[in-house]
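Please consider the sequence and the model shown here.

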Amino acid sequence: MNKNRLFLGGVIFCFLGVAGIQSGFTAPAPTGYILSTHARCMMGRVANKQWLMAKEDEKLEANISTPGKYDLYSLKESRTGEKATPLKRQGYPCDSYYYVDLKSDTQGAYTALGGINWNPVPRAVKHLNPNSAAYKKVVADFLKENGLVNPVIKIENVLKTDIQGDGKDEVFIVATYFAKTHRGYNRGDTPLYSLKGEYSIVLFREVIDEKPVTRLVVGEIHLKDTLMPEPPSVAPNLYSINAILDVKGDGVMEVVVDDRITEGSGAGVYVLENNKFTRKLYCGCGY
Ligand SMILES: [Ca+2]
């Protein structure tokens, strides 16, 4: 008698399980999705080892139709297992972007990874002294090579890690300079226009055949004054590194760069390939 009851119970349980899947109650948790809390949008994911932008992902809405959990990373800290809402489409003027709401939305700029089963920080990222004369010279040399005469050097971050895991360290340098006299900028806002000599760049420094090489990840260098009344069309971008993470799950770390512009923000994943950086995923709004 007891055996029969247990058996019947098993059948009913299995039947309910199948019915649940068919009606969508057990939709999968989001897997490998990469979200920016800075830009409040979904960047995309890796599908079949290829980068797939969220707005080109036909399965996006189906994959994120239920609440999910995300692990959050920034240069300052990480938080694991934070709950998020199902996917939402952003309203006008950002209709082509999607988002999920997280508790940390108001607590800082993070790169949020959904449903990953690998360690996205395989090697530590170390902060080096941004006032180091050696890195100031790297930035000055790069700006001079790209047309600036006597540039003002203002470094925000110098970050060291080994992105490929080959035992050799690389360095990222974030440098941004805008004159304090800007309308808007001196109130802490993004500048409305740019003046000759201003810049915001993310550089990468690596050693190839025992020689250091500097590469541009992303950035803008302003070689002439671009003044009112054209803003916001001429408003400059400000770049910063959000996180250095293995977002693909292949053991190589990518760099997530935030951008800010007057009334807008974005975030992208930049990958070193064939000696140059390419933006593989991006989302943003307000341009
Ligand atoms: Ca390396």
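The model is predicted: local features need pLDDT of at least 70, side-chain atom pairs count only at pLDDT 80 or more, and totals for chains, interfaces and linings use all residues. Residues are numbered from 1 along each chain as its sequence is written. Helices (H or I, at least four residues) and strands (E, at least two) are DSSP runs, numbered from the N terminus.

Buried residues of α3, with 20 or more such C-beta atoms within 10 Å, are Tyr 135, Val 138, Val 139, Phe 142 and Leu 143. Seen down the axis of α3, the buried residues fall within an arc of 125° (taken from the directions from the helix axis to the C-beta atoms), so they line one face of the helix. After α3 comes Gly 147, with a positive phi near 105°.

The buried residues of α3 pack against β10 (155-161), β11 (170-177), β12 (199-208) and β13 (211-221), contact meaning C-beta atoms, placed from the backbone, within 7 Å. An open sheet of 5 strands has the order β9-β10-β11-β12-β13, with antiparallel pairing; two strands pair if DSSP finds at least two bridges between them. β9 (126-128) and β13 stand at the edges, each with a single partner strand, so one side of each is left without a neighbour in the sheet. The antiparallel strands β12 and β13 are joined by 10 bridges, and Phe 204 stands opposite Arg 215 in β13.

Terms used
A residue is buried if 20 or more other C-beta atoms lie within 10 Å of its own, exposed if 12 or fewer, and partly exposed in between; C-beta atoms are placed from the backbone. Two residues are in contact if their C-beta atoms, placed from the backbone, lie within 7 Å.
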